[in-house]
Structure formats: structure tokens, C-alpha cells
Amino acid sequence: AYVSMISSGNVDTCLVSSYNTSTQLVGTIMTDKIPTFEELKISPSMLKSVAECPLKFWQSYITRTLPYVESAQKDRGTRLHKFMEDSIDSGVFQYDPDDKSCASARKFFEFVNAKKQKGWKVKTEVCCGVDMDNVPVEYAKANLRCKIDCLMVAPNGHVLILDWKTGKKYSVDTLQLQVNAMCIYRKLRPD
């Protein structure tokens, strides 16, 4: 995608043109609602969107002209995350025999419970972030922020971050884990 910005007085206008691999124009958008960098709330999913498709990123996060669409996969992921959060927080694996996701999640539940019994502190859905100066701030005010599915801290202070994946292909999301690690490090060790 090619992005050009035109400034006129107090109003910023942005023209975004997207070209395919054959350099054919495939779309143009104009907007007058451009957030400043400081106003952006950057997350791992936002960063992945920039890398995968700059035009989709622009439409999803900047102009907000691309509507969010709930899919069966996203719904399944939301349900599994809630299931894992509830199971870990309660200490009881609430197995639903009709949901295949629950069966594959048992090994994570057992792993977390074994660590809890050894004195590890465990929290689910940990929201954290940093401001423009890399200082930890509350989630709503953070410029770079993340939600950690499961944060585990050993008695010796070592930290383990678990991230639930629900797709058929399980690959390590290095970008998300790096952002999570940076944000939680700054929260746990602010100096």
C-alpha cells in the first residue's frame, strides 16, 4: 500500500492508495480522522496487521472503515479463552465433552495446576502496557499494550507467559510473546 498525507490547516486529510503486485490500483480511501501516534493503542494484533496487509491495517485501525466481522473461528477462540480462564481461576477443569477444544486444553490446565501446587503465582487475562517512554501505565492509557492469557511467576521470580492458540495449525507467535514479555517486564520491574 502507498500512503500519502496532505495537511491543510487544522485538518489532516489522508489519501491511501493500494496497489496489487502488478502495480494496478485496487483501492483508494480518503479520511479526515487520522489519529496521532500518541493516540494509537498498539497491540500485537495491530502490528501483525501492518505486516500482513497495510491497507487492511489502515482500514481496520486508522480510518475504521473496515467493519469487524465475527467468524466461527474467532467465536471458538473466544469461548476457549473464557473456558481456560474460568478453569484456571477456579482450579476445576469444566470439561464439555461436545467441545473438542476443551479436550486439547486439558494438558495446559494440568500443567498450570501442577505449577500452582509448587508455589507459582498464576493470573489469567493480565492487561498491561507502556507509554511512549516505555514506562508502565494502566492498560487504557498505554501506547503499546497487550493481554496475556496466563501469567505465571515462580517462587524464584522467573516468569512464564502462556498464550492459548485455537487454530488447527499451532505455531509460535513470536511477535505477540515479545510484546507480552516487554510489557510485563516493565510492569514487574519498572526501574
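**Entry 1. The sheet**

I began with strands β4 and β6, which run antiparallel and are joined by nine bridges. I take two strands as paired if DSSP finds at least two bridges between them. Helices (H or I, at least four residues) and strands (E, at least two) are DSSP runs, numbered from the N terminus. The model is predicted, so local features need pLDDT of at least 70 and side-chain atom pairs count only at pLDDT 80 or more, while totals for chains, interfaces and linings use all residues. Residues are numbered from 1 along each chain as its sequence is written, and side-chain values use heavy atoms, with hydrogens and water left out.

Leucine 151 has isoleucine 161 in β7 as its bridge partner, and methionine 152 stands opposite leucine 160 in β7. The two strands form a hairpin with five residues between them. In the turn I noted glycine 157, with a positive phi of about 95°.

The strand order came out as β5-β4-β6-β7, an open sheet of four strands with antiparallel pairing. Its edge strands are β5 (136–137) and β7, each of which pairs on one side only. As background, strands of a sheet pair through backbone hydrogen bonds, either parallel or antiparallel.

**Entry 2. The whole chain**

I then stepped back to the chain. It has five helices and seven strands, and along the sequence the pattern is β-β-β-α-α-α-α-β-β-β-β-α. The chain has 191 residues, and 34% of them are buried. For burial I use relative accessible area: buried is under 20%, exposed is over 50%, and partly exposed is in between (1.4 Å probe, protein chains only).

I also looked at contacts, meaning heavy atoms within 4.5 Å. Among contacts with a separation of 6 or more, 48% are between residues 24 or more positions apart.

**Entry 3. The cores**

How covered is β6? Eight of its ten residues are buried, so I put it down as mostly covered, by the under 20% limit.

Next I looked up the largest nonpolar core, which has 17 residues. Such a core is a set of buried Ala, Val, Leu, Ile, Met, Phe, Trp, Tyr and Cys residues joined through side-chain atoms within 4.5 Å. The members that touch the most others are Cys128, Leu144, Cys146, Ile148, Leu151, Cys183 and Ile184. At least two residues come from each of α2 (54–62), β4 (121–130), β6 (144–153) and α5 (174–188). β6 gives the most, with four residues. A second, separate core has 15 residues, including Ala105, Val112, Val122 and Trp164.

I checked isoleucine 148 by itself. Leaving aside neighbours within four places in sequence, isoleucine 148 is in contact with Thr124, Glu125, Val126, Cys128, Ile161, Asn180 and Ile184.

In α1, I found Pro44, Met46 and Ser49 buried. The cover over the buried residues of α1 includes α2, β6 and α5.

I found lysine 41 in the loop between β3 (25–31) and α1 (44–52). Is lysine 41 buried or partly exposed? Its relative accessible area is 27%, so it counts as partly exposed. Beyond four places in sequence, lysine 41 is in contact with Met46, Ala140, Lys141, Ala142, Asn143 and Arg145. Its side chain reaches the backbone oxygen of alanine 140 at 3.4 Å. Lysine 41 and leucine 144 are 103 residues apart in sequence, yet 6.0 Å apart in space, C-alpha to C-alpha.

Glutamine 176 lies in helix α5. At a relative accessible area of 12%, glutamine 176 is buried.

**Entry 4. Cysteines**

How many disulfides does the structure hold? I found zero, a disulfide being a pair of cysteine sulfur atoms within 2.5 Å. I looked up two cysteines. Cysteine 150 is buried because its relative accessibility is 0%. Cysteine 53, with a relative accessible area of 31%, is partly exposed.

How values were computed:
A polar contact is a pair of N or O atoms within 3.5 Å; within protein, one must be able to donate a hydrogen and the other to accept it, and residues adjacent in sequence count only if both atoms are side-chain atoms.
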